[in-house]
Each structure stands twice: as C-alpha cells, then as structure tokens.
Amino acid sequence: MSKAGTLDLASGVGGKIQKDDVLSAVDKYEKYHVCYGGDQEDRKANYTDMVNKYYDLVTSFYEYGWGESFHFAPRWKGESLQESIKRHEHFLALQLGLKPGQKVLDVGCGIGGPLREIARFSMTSITGLNNNEYQISRGKVLNRIAGLDKTCDFVKADFMKMPIPDNSYDAVYAIEATCHAPDAVGCYKEIYRVLKPGQCFAAYEWCMTDAYDPKNKEHQKIKAEIELGNGLPDIRLTSQCLEAVKKAGFEVVWEKDLAVNSPVPWYLPIDASYFSLSSFRLTALGRFCTRNLVAALEKVGVAPKGSQRVQAFLEKAAEGLVDGGRKEIFTSMYFFLARKPLKETE
C-alpha cells in the first residue's frame, strides 16, 4: 500500500482545480458549513459541488497520510493500522460472498485502494464509481501500476443518478462513501436498481449513534466539525440509515456498529495522545511536521495558496472524530448487509 511523498502532497493539493483558484475554492467550500455560517439545506442542494471541491482539496493529504485506502477499521491488539484496513476490506468481500469472475460495483471508490485490494482478494472485476475527476485519474494510474487495469475500471458519475443499466452487478459495496448522499433513500434506491435480484449490498456508513443529543451544544459542535472536515451535507443516525435501506426495498440480512467492542478504538490513529512509527504521519507529531511542511511549501510557491487552510480543517475534523468516538456519539463503521429480493413486491 503505497503512500504519496512530500512533492506529491504539494502538487496534488487542489486536484483538478487550477492552482491559482485553490484559495477561492477553500473559501467557497468552508462557507457551506455551519462553522462558517452555512446550513444543511444548502449543502444538500449543492452536494455535488461541495463534495467535488472537498475531494479536489483533500485527496493528496489523504494519500499522504493514509495511503490508498481512505477509511477507518476496527482493530485487534498487536495489529497495525494497514493490516486492520486490509482485514476490514476482506471482511466486506467475505460478507458479500464474492466469487471469481463476478462483476462488482464500488460506490464512491476514492482512488481505488479498497477496489484493488478486494479485486485481488476475491478475483472479481470491480468498477469504481466516483464523481471526482481527480480521484479517478489517480485511480487509473494506480490500477495500471497494480496490473489491474484490464479487470478493474472507473465510471465518473453521481451515485444519485448512475448511468448504469438495471440489474448489472453481482454485488455492490460502499465504504464510508454514501454518507455524502443528500438523500439516503434515493442513493440506496439507485444501488438497488443496478444490483441483480437476489444479490447483496454491503456498506460501512458514517453515522451519529443513539447517544447523540441534537440539543447538546457540545454534540452539535462535534457533528459540525466532522461535517466540515469530511465534506458531509449531514450525518444520519444509525436508525435512520437502517430505515433508509429498508425503504429502498432491501431485505436487511444483519447490521451492527462495528466500532462497539473493537479491542483498539477505531479513532486511535488520529488521537493526539497516540504515537506510532508505522502510522507516524497521522500522529500529533506527524501532523505538526506536515503542518509546518505545508506552510513552507506554500510560502515558496510549491503548494498553492489555501493549502494551510485545507490542513487546518482536516485537523479540526480529526478533533471532531476523536471526540465523537470517545463520547460514542459517532461511528465511522456502521455496517449492514442487505439483499435485493429475487422477486419485487407489488
């Protein structure tokens, strides 16, 4: 699992946005959020622009810190972060019962880290669906390097309206991606439509838990920080997420918040009190080094103006995620496995 270097980080900030326009893109992105006077309805109405700006701005930071797979995972004691991430992806493949030669859809695939890992693990052909041009261009390069460009590909599209025929895929999964959808039922209905009857959809969702109190100011602040730092129009409750799956027509096989009872807290890699050499860039010291590195690169013109502000809202997101995880009001891994019935009910 490769990681980007310093120059990759600097040159990648802004993605497909012109470097001179990065600062204004940061301004526009921030104004969508509560912390800067934005509101939820505006984020939902303009989710395509907001999410695209977000991933153009942050992808190089993600790749620099996380590698190719941008997600959390439950973790065993003695297990490295990267080992837990791979196991989390393999678990999804096993739950879906993937078999060699099947056609699979990864909804909101990022730069394709999980796609490549699951394709190798299950010997399937996986299509990554993503609405961000920069991430797709990175994914295609990494697919070629991995030797998977003949069996795995990408489609640039909005998961709310996929340009894909009905009943096309043997399995569909989403890893911490459909949380960007402005309407969960609408998104899940599209997934239902492209999935073959009798086949399964599995997902890891970002959700607020039942412990979240919408009237609690501290809880509100944590939720707003996570939304700002992660390009989210809103964060649904686990119960709302489950209800949306059912409303879309799926039969729920099983569901569980995998963050509960994880031997190692899922948020540990970004906890400021934690230190690890193997995931140094995610630690407080590593982030301090990155912050100063980005400031220096921006000052000399290697990184575009606005790069430090991107780093700042990602730091704020890390604080919100850790606080939300500690208070158990937020989970990054609400899992469900759902089946499309063989025959649709009238």
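Okay, before anything else: when I say two residues are in contact, or meet, touch or cover each other, I mean heavy atoms within 4.5 Å.

Quick caveats. This is a predicted model, where local features need pLDDT of at least 70 and side-chain atom pairs count only at pLDDT 80 or more, while totals for chains, interfaces and linings use all residues. Residues are numbered from 1 along each chain as its sequence is written, and side-chain values use heavy atoms, leaving out hydrogens and water.

On the helix 5 side we have Lys86, Glu89, His90, Leu92, Ala93 and Leu94, and they meet Pro114, Glu117, Ile118 and Phe121 of helix 6. By class, that contact has six nonpolar, one polar and three charged residues. For the classes, Ala, Val, Leu, Ile, Met, Phe, Trp, Tyr, Cys and Pro are nonpolar, Asp, Glu, Lys and Arg are charged, and the others, Gly among them, are polar.

Next, helix 2, residues 22-30. Which of its residues are buried? They're Val22, Ala25, Val26, Tyr29 and Glu30, where buried means under 20% relative accessible area, exposed over 50%, and partly exposed in between, with a 1.4 Å probe and protein chains only. Looking down the axis, those buried residues fall within an arc of 130°, so they line one face of helix 2. The arc is taken from the directions from the helix axis to the C-beta atoms. And what covers them includes helix 4, helix 9 and helix 12.

Staying with helix 12, that's where you'll find Glu315. Is Glu315 buried or exposed? Buried, because its relative accessibility is 11%. Leaving out residues up to four places away in sequence, Glu315 touches Arg287 and Arg291. Glu225 is 90 residues from Glu315 in sequence, yet their C-alphas are 9.6 Å apart.

Now helix 10, residues 238-247. Here the buried ones are Thr238, Cys241, Leu242, Ala244 and Val245. They cover an arc of only 160°, so they sit on the same side of helix 10. Their cover includes helix 8, strand 5, strand 6 and strand 7. Just after helix 10, look for Gly249, with a positive phi of about 110°.

Last one: Lys343, in the segment after strand 7. Lys343 is exposed, at 72% relative accessible area.

Notes: Helices (H or I, at least four residues) and strands (E, at least two) are DSSP runs, numbered from the N terminus.
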